[in-house]
Amino acid sequence: HAEQTSEVLVLVAMTAVDVALQVSRGRNVDELKCRAARHLPVPWEEVVRYQWHLCANIEEFVQRRCDALDEFRLLLAEVVDLGVGHLLSSSQRDAVLERNWLGVLAGQCDLIDVFLEMPNPLNLALEQNESDDEVSEVLRGGSELFEAVAAARETVTREQEDREQEICPRQKLELDDVRKNREIERQQCSQFLPPVEGIAFFDTVAKINHSCASNAEITYFENCARASVVATRDISLGDEVLISYVSSDDSLSARQKLLKQDYGFICVCVKCRSQSVSVLLRSVVAPEKVSDEDVGAARRVVFHRPRRRRGGSVLGSGCRKK
């Protein structure tokens, strides 16, 4: 169901089932729910409406997400009842399956989840057993099978992209680039089976705020099962740990566009403010050398009044660049 609607529902299901399990062991359901949804207490509908606000048929897209959440809730109820339903009271069960809470979880995951790609674990198993006659035969004749698997995977991905494309045609050029890059990566892949893709939610990483002048970065290890925050420069005791949600090498206008489109805010970090002042000065001295996009982005940064940020932040305990 998640593959056909939205993959974030997988994360919502894992969180809800975990809460149900802990409640069955005596934990307080309200405390667990508050903790799970503490990062972004905003309903999924609002997140979707903001992320896709430029779509021509935005309300249709929002309605699809609402319908998906309702369908998902019924499926989740079956899972909970089958697993720990007999250990929960009716009020506890209703609390775990509360639609508003599930919607907040979906909105939170949709906005601050991360996409991961890891080597297919079956490739290692095949390599370790390459001396086996049957495995060796599969590997020798595996090019056609590999192409078939890759083609099937691409077909499913394109079908999902096309469904969203019907509602949001503004992504046409971006979608073409994504597909071209995906094909290049597939051709360069030398492994028998393609990599495994997925989404994840890292609790500590989700608390870290953005800055184009970041002082840390995220690295993944153990096949992306764990994430580590690594300092890229010295961080003093009490300084906020900051990562960049976009490529810091992009231009001012490119960064601002992505941050507004994908995360819903205008960045006014030190780097953006200094670049904005420089752009506006150059637009007066040599206007022909500055693009309209950069000038527009610079004005939005300079005249923006940032709202008070919701949620906490991560403060450094004193560490040095690795």
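**Aromatic pairs in a predicted model**

Residues are numbered from 1 along each chain as its sequence is written, and side-chain values use heavy atoms, leaving out hydrogens and water.

Now to the pairs. The structure holds three aromatic pairs. Rings of Phe, Tyr and Trp (its six-membered ring) pair if their centres lie within 6.5 Å; planes under 30 degrees apart count as stacked, over 60 as edge-to-face and the rest as tilted. The ring centres of F202 and Y220 are 5.6 Å apart and their planes stand at 45°, so this pair is tilted. It joins distant parts of the chain, 18 residues apart: F202 sits in the loop between β2 (196-200) and α11 (203-206), and Y220 in strand β4 (residues 216-221). Helices (H or I, at least four residues) and strands (E, at least two) are DSSP runs, numbered from the N terminus. F202 counts as buried because its relative accessibility is 16%, whereas Y220, at 32%, is partly exposed.

Back to Y263, then. Y263 forms a tilted aromatic pair with Y245, 4.9 Å centre to centre and with 45° between the planes. Y245 lies in the loop between β6 (242-243) and α12 (252-263), while Y263 belongs to helix α12. Y245 is partly exposed at 27% relative accessibility. Together with F265, Y245 and Y263 form one aromatic cluster.

Methods
This is a predicted model: local features need pLDDT of at least 70, side-chain atom pairs count only at pLDDT 80 or more; totals for chains, interfaces and linings use all residues. Buried means under 20% relative accessible area, exposed over 50%, partly exposed in between (1.4 Å probe, protein chains only).
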